[in-house]
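Please study the sequence and the three-dimensional structure shown below. The paragraphs that follow lead through the structure step by step.

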Amino acid sequence: MRKVERDTVDTPKSMLPGAAGPKELADAIAHRNEPSPKKAFEYKAYKRADVRLALELLFHGKCAYCETSYAATAPVDIEHYRPKGAVAEDAAHGGYWWLAMDWANLLPSCIDCNRKRGQQVFVVSTNLEELARTSKPISRQAGKKDSFPLAGTGARAIYDATDFSGEHALLLNPCIDDPAASLAYSFDPNHPAGLILPTGPQAQAERGAVSIQVYGLNRQKLVEDRTRLLRRLEYLGDMVIDLAASIQELEEPAVAVKLAGTPAAGVATRLRLLRDRTLAEIKAAKADDAPYSSMAAAWFNQFVVQFAGTLPVAGGAGVS
């Protein structure tokens, strides 16, 4: 999960004053005021094409929660961060129905993060030794559906609240929260790879742990997919380090003198181009539109710190 600034994309026209969203809210209020409504109210505004397109642009065609690219594999679910029809943890609440057509409450989600069902998931723990011992996934229910848990200190908002700061929501919202404050990746080669771990002070770590569990961020297939990316990054990183070492050897004054005037004299230049192209490919993995870019960015930051003395610092691809 990565932080996304919602105001980088214009509010869909359907959600603007006088358009489908506000009109639907008025209809929903009227429906709820009917003494005996014959059927449940059907929310449609959030499904409109311009809303779907805006969410796709905002999140680059990725799930807001797990960062998988959904466009090529399955239709996106337009997800309500605060569920519109019910709250699993509070049967008497009835859901945040007045936010069903609120642009700020809408997120794009893959089917697995949004729909609760039995899945193979890894147990959440901040203890790497425990993760190593319990590295096999177990069958459990995962997927958000109508879940919206609050901390024990929170008070659930009711109609027609607009300030939700008192709820102390436990689920992370990538358009409001900085997921990096509550979620971390372990790159320790002696422990299971591709797992997301809760991190930070107790309150932040609790939000991370609950979000991992509810969204199913450690589903087996998801972890395996992230691991494949991690292994690719490690391979490319090793290439960059090896190429940098070879360039340094070839540019030693004594070696350069011996190679002058021979076909091998230009090898260092060609290796430098290959190194920079490889480094650019690594950096592309942390671009906003790349799957699991938050993990790639965290790995890259660690890579730069570890090998700062061997990476280019000016010209070429750079390391920023």
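A residue is called buried when its relative accessible area is under 20%, exposed when that area is over 50%, and partly exposed in between, as judged with a 1.4 Å probe and protein chains only. The model is predicted, so local features need a pLDDT of at least 70 and side-chain atom pairs count only at pLDDT 80 or more, whereas totals for chains, interfaces and linings use all residues. Residues are numbered from 1 along each chain as its sequence is written, and side-chain values use heavy atoms, with hydrogens and water left out.

The protein has 320 residues, of which 45% count as buried. Its elements comprise nine helices and six strands; helices (H or I, at least four residues) and strands (E, at least two) are DSSP runs, numbered from the N terminus. Contact means that heavy atoms lie within 4.5 Å. Among contacts between residues at least 6 apart in sequence, 68% join residues at least 24 apart.

Which residues of α2 are buried? They are Val51, Ala54, Leu55, Leu58 and Phe59. These residues cover an arc of only 115° around the axis and therefore lie on the same side of α2, where the arc is that of the directions from the helix axis to the C-beta atoms. An α-helix has 3.6 residues a turn, so residues three or four places apart point the same way. On the other side of α2, Ala49 and Leu57 are exposed. The cover over the buried residues of α2 includes the strands β1 (77-80) and β2 (106-109). Just after α2, His60 takes a positive phi of about 55°.

The loop between α2 and β1 holds two residues of interest. Glu67 is placed in this loop and has a positive phi of about 70°, although it is not a glycine. With 2% relative accessibility, Glu67 counts as buried. Thr68 lies in the loop between α2 and β1 as well, and Thr68 is buried because its relative accessible area is 16%. Leaving aside residues up to four places away in sequence, Thr68 touches Gly61, Lys62, Cys63, Cys110, Leu222 and Tyr292.

The loop between β4 (138-142) and β5 (183-185) contains Asp160. The peptide bond from Tyr159 to Asp160 is cis, with omega near 0°. Lys145 has its place in the loop between β4 and β5 too, and Lys145 has a positive phi of about 50° although it is not a glycine. Is Lys145 buried or exposed? Lys145 is exposed, because its relative accessible area is 52%.

The next topic is the packing of helices. Two packed helices are described by the angle between their axes and the distance between the axes. Axes are lines fitted to C-alpha atoms, for helices over the stretch in contact, and the angles run from 0 to 180 degrees between N-to-C directions. Angles under 35 degrees count as roughly parallel, over 145 as roughly antiparallel, 65 to 115 as roughly perpendicular and the rest as oblique.

The axes of helix α6 (residues 220-250) and helix α8 (residues 267-284) come within 9 Å and cross at roughly 155°. The two helices are therefore roughly antiparallel to each other. Residues of α6, including Leu233, Leu236, Val240 and Leu243, meet residues of α8, among them Leu271, Leu274, Thr278 and Ile282. The residues of this contact divide into 14 nonpolar, three polar and four charged; Ala, Val, Leu, Ile, Met, Phe, Trp, Tyr, Cys and Pro count as nonpolar, Asp, Glu, Lys and Arg as charged, and the others, Gly among them, as polar.

Helix α8 also packs with helix α9 (residues 293-306), at an angle of about 140° and with the axes 9 Å apart. These two helices are therefore oblique to each other. Leu279, Ile282 and Lys283 in α8 meet Trp299, Phe300 and Phe303 in α9. The residues of this contact divide into five nonpolar, no polar and one charged.

The loop between α8 and α9 is the place of Ala290. Why does Ala290 count as buried? The reason is that Ala290 has 10% relative accessibility. Not counting residues up to four places away in sequence, Ala290 touches Lys62, Glu67, Ala284 and Ala285. Ala290 and Ser69 are 221 residues apart in sequence and 8.1 Å apart in space, C-alpha to C-alpha.
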